[in-house]
Structures are given as structure tokens and as C-alpha cells.
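Student: Please take one part of this structure and go through it closely. I would like to see how it connects to what surrounds it.

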Amino acid sequence: MQLKKVITAAAVAATMGLGTPGSEACTSLIATPGATANGSSMITYAADSHVLYGELYNQPAADHAAGTMRPVVDWDTRTPLGEIPEAAHTYATIGNMNEHGLTIAESTWGGREELKGSGTIDYGSLIYITLQRARTAREAITVMTDLVDKYGYASEGESFSIADPNEVWIMELIGKGKADKGAVWVARRVPDGYISGHANHSRIHRFPLNDPETLYSKDVIDFARQQGYFTGKDEDFDFSRAYAIYDMGALRGCDGRVWAYFNKFAPKGTMDEYLPWVLRGEGPELPLWVKPEAKLSATDLKWIMRDHFEDTPMDMTKDIGAGPFAVPYRWRPLTYKVDGQEYTHERAIATQQTGFSFVAEMNKNRHQAMKGILWFGTDDANTCVYLPVFNSTAVAPYQLQHGNGDILTLSWDANFWVNNYVANQAYNRYSQMIPDIRRVQKGLEDGIADAVAAAEKDIAGKSYTEAQSALATITNHWAAKATKDYKALGDFLLVKYLDGNIKKQNTDGTFMRTETGDCASPVFGGYDERYYRSITNEQGDRLKVIELK
């Protein structure tokens, strides 16, 4: 199938993350227990929006009297949508995880414009209401689909990663338009031993109609027929083709991120045949899941969330857009025109406008108080430090709390702001600064990993309350330390790279001084050869150094 070259408004909005406080341009990657080194279910999430503040929400467990109503407020626009009856008991949540280790992530793909739903439940409320009402992934699917069926779905096409310590599901759902408050949907359990993912484009194509590991709404095919989206046999029905929009933005800007994940961990060369699909919409479509060559760790998932297509044909550090310092970032707008022809920047997994991201790790063999670990980071996943937050965490640490700064109010005690302090300096001189950032980042994450491993042994046999207290101490300690250390790192970068120079350092890391105590003469780092050559190619002899006669 040759795709149309014009990127539609819907795809551009999804790819760029424009317009709302929410997270319309997101990436969620999946690894099943059989695909991980320690038998954990893992899902990731990057909440990418240019105006989203990175903070961690929590809601305590509660009992509710009969007749209690719960207000529903649109996650993106903050618009009240109505009320629904509250559950008799709601579970505690911390971010996108609940006390049982159930975790839900999402990515918006928009789909057919006429199908934007009307009703009381938007995609964000659907996630957090479900986390308060379900213990397992299968229960979550039932809760989610019952909610939209009864109260109506108020958002666009959406993909969800739904995971508990035993299994991971991917579910795709889209409304029926203004005339019908419900939704059509399909959910598939990712086979154990496989990895999957979605990134703002519908990923479920054809699916088995009689399989206990595949669930779907009873009218998912009939509704497509009624709307004129599908005319073939039931067994040939393709959910993605029927309900999603296909263009270059959907494939290169969205499926491309999933391809990068698969390409990193599938056997070498396996994903080459799918590159034409990503780049030109030709050849076989990207599979829903693949088997990795080796089993993955949480660290592997953290690092793939930092990916910019390195060592692939879409490597963002290689083209002239990377400038003289190999910067793997491109400022928006994502598309641009030259002489009337439209072009696009690449859209990688890691991006500057991330509000927060996480790697969720759920393991049934751990103590009940840490069966779920939400490795949580604020701002750009590439430069953040992933902090350990547990399913038993009752209150977010101060550095991640709502109200500690916001997107328009700087707070040096907020993890989001110190991470931005570091990252935004690196965006200007990436190749020079990133080694200094990696040194501090790796030191912190290695220390955190050691502390969590020690805690797992230490709390064995302890009561839930005792374990919860011990784990809270770890979360609070590392949130405070990482925030403090990154503020110091930002100060260090400012001093070391001031005015385009690079100050020399002693072996102990201190800055060199002269015998009189003054700053030693710095290194003049200059630019790379390609940058110099581009100047001479453009300017010819205008800047040529000549001998005067």
C-alpha cells in the first residue's frame, strides 16, 4: 500500500503532542514475564506534551457509602464531564500503578475524526478509575469496557498497555461518534516470551475470532460495516485499517518508535524487512509482537526509553539537523517546507517535551509491598534518573509532589525542574556535555538498583506495614538525593562549559587553577569538521584566510 504523502492534522497532533496539558503523544513498550530476565511483567510510558508538568499523583484506598457519586473531569482539558456512582471500595494508586501492582499506560492515535466519542469517560479518567477498581489486567479490561459502554467514551482512538505481575494485554478502543455513546474495541494478550508496543498509531490488525486470549466488543466488525469502513469476511477484518488513519506521520512518526524497540532486541537483521513499512508504507506491516533474542531487564527498558534511533537509518545524531554537537533533538514544528516541498524531522522515543516517563516492573515473587516497582522519571527520559516508587507507596516524595512548582513556576526542590536545568544545557552542546551527565546519571541509577536489591532481601519475612515503611524511606531518600545531585550537576555544567569554552579538570574532578589561583586557560572545543565544511561550502572564499601582500 502506497501511503499519501500529506501528514494529516490528526497525525501531526498525535506525533507532536500539541495543544493540551495532557499526554497525546506517548510511547508505551511491553515485555511479558517470559521475555524478562527476572520473570517480571514490564510496561513503559512516556507522557509527551509541551505543557505537561512532571509530577506523581497518588490516591489512598477508601470506602464509600452507598449513593456516593464520583465527579469525572477530562484529563487533558480539565473540563467536568459529569458524575458516575463511586465503587464501594477503591484501591490505592500511585501514578499509573495501584496497590496490587496493576499498571496501565496509553498512547492516543486519534483515528477517524467522526468517531470521536461523546460521554462521561475520557481516556485519562478511564485509566485512573480502573486502577481504583481492578486488581488484575483481565479485571481491568472488563472494568474499562463496562465503563465506556455504560457512561460513554469522550475521547479519540486510544491504545492501552494493561499489565499485572502475570500477564500483559494491549487493548485498542475508539468511540462511535456523537450518535452513539459507546465504543468498539479489541484486546489481545501478548504471548508470554514476546515484546510489543504502541506509539500513537493503532497496532492491532487482524485477530482471531475464537481465542480466549483475544477479547473484543460484539459489534466491532458490524459497526465497521455499517460505517462503510469494511466490506470483507469477518476473518479478514483488520481493526487498525478500519478505524485508524494511515499516513506518513502514523508510520514513520509512530510505528517507527515501536520498530526501534523491536530492532534493538530482536535477532539482528530481523526487523530490516519492516523498514520499508515505516519509511514508505510498503511491504509487510509491523508485527504486533516479536520474540527478543535475549531476556530483558528493567535497565534495558530504561535505556530503550532513551533511544533516538541510534545506529539505524533514522539515526538523529547523523544528519545536518544534529548540528556540530550531534544533538539528537529537533525543535517543533515536526514538519517543514522548503521550496514548497514538505519534509519531516524524525520522531524518536526520547524527546524533549516529555513531562514524565516510567518503566513499570511487576513481579509476583516479590514481597506484596514491592510486587510493583514504578521506576519514575521526570522530563526527558534520556537525561532523567529513574526513581524507585513501589506499589505500597502511600505518598509521593516531596520532590515529585503536585504543587511543588508547575510548568510556569520554577522550583529548585522539584525533580522536574532540576532535570530540565541539566537537559536544556545539553541540548545546545550535546556531544560535549552528555558524558558528564551519563557519569552522574549512571552513578545514581546504579546506587538505586543496589539499594532496591538490598531492600528486597531485607524485607523478606517482614509485615506489610514494616516493609512499606522501609520502602518509603528508600523512595524518599533517592528522590531527594537525585534532585540535589542534579541541581549540582546543572551548576557544574554551567561553570564547565561557560561561553563556549571547556574548563580543564584535575583527576579529582575539581577545576584547574593557575599557581596564582586563577582559572586555567580553558579548552576551545570549537565545532566538528562537517560544520566547518558546511560553512565553507556555503560561503566559498568569503571567510578564507589569505596572506596579505
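Tutor: Glutamine 432 counts as buried because its relative accessible area is 14%; buried means under 20%, exposed over 50%, and partly exposed in between, with a 1.4 Å probe and protein chains only. The model is predicted, so local features need pLDDT of at least 70 and side-chain atom pairs count only at pLDDT 80 or more, while totals for chains, interfaces and linings use all residues. Residues are numbered from 1 along each chain as its sequence is written, and side-chain values use heavy atoms, leaving out hydrogens and water.

Glutamine 432 belongs to helix H10. Helices (H or I, at least four residues) and strands (E, at least two) are DSSP runs, numbered from the N terminus. Leaving aside residues up to four places away in sequence, glutamine 432 touches Phe325, Tyr497, Ile502, Gly525 and Gly526; contact here means heavy atoms within 4.5 Å.

Now the helix itself. Two packed helices are described by the angle between their axes and the distance between the axes. H10 packs with H9 at an angle of about 145°, and their axes are 8 Å apart. The axes are lines fitted to C-alpha atoms, for helices over the stretch in contact, and angles run from 0 to 180 degrees between N-to-C directions. On the H9 side the contact is made by Val422, Gln425 and Ala426, and on the H10 side by Tyr430, Met433 and Ile437. Of these residues, five are nonpolar, one is polar and none is charged. In that count Ala, Val, Leu, Ile, Met, Phe, Trp, Tyr, Cys and Pro are nonpolar, Asp, Glu, Lys and Arg are charged, and the others, Gly among them, are polar.

The loop between H9 (415–426) and H10 (430–458) holds tyrosine 427. Tyrosine 427 is buried, since its relative accessible area is 6%. The structure holds 26 aromatic pairs, and tyrosine 427 makes one of them with tryptophan 331, edge-to-face, at 5.5 Å centre to centre and 70° between the planes. Rings of Phe, Tyr and Trp (its six-membered ring) pair if their centres lie within 6.5 Å; planes under 30 degrees apart are stacked, over 60 edge-to-face, and the rest tilted. The two residues are 96 residues apart, and tryptophan 331 sits in the loop between helix H8 (298–304) and strand E17 (335–338). Tryptophan 331 counts as partly exposed because its relative accessibility is 47%.

Arginine 332 and proline 333 are joined by a cis peptide bond, with omega about 10°, and proline 333 is found in the loop between H8 and E17.

H9 lies across E19, E20 and E21, and runs at about 55° to E20. These strands belong to an open sheet of seven strands, ordered E16-E14-E1-E2-E19-E20-E21, with antiparallel pairing. Strand E16 (289–290) and strand E21 (387–390) each have a single partner strand, so at these edges one side of each is left without a neighbour in the sheet. Strands pair if DSSP finds at least two bridges between them. E19 and strand E20 (residues 372–378) run antiparallel and are joined by seven bridges.

Alanine 348 counts as buried because its relative accessibility is 3%. Not counting residues up to four places away in sequence, alanine 348 touches Arg257, Asp307, His308, Phe309 and Met316. From alanine 348 to aspartate 518 there are 170 residues in sequence and 43 Å in space, C-alpha to C-alpha.

Return finally to the surroundings of glutamine 432. Ile502, one of the residues that glutamine 432 touches, lies in strand E22 (501–502), and the loop between helix H11 (464–496) and E22 holds aspartate 499. Aspartate 499 has a phi near 60°, a positive value in a residue other than glycine. With a relative accessibility of 68%, aspartate 499 counts as exposed, whereas glutamine 432 is buried.
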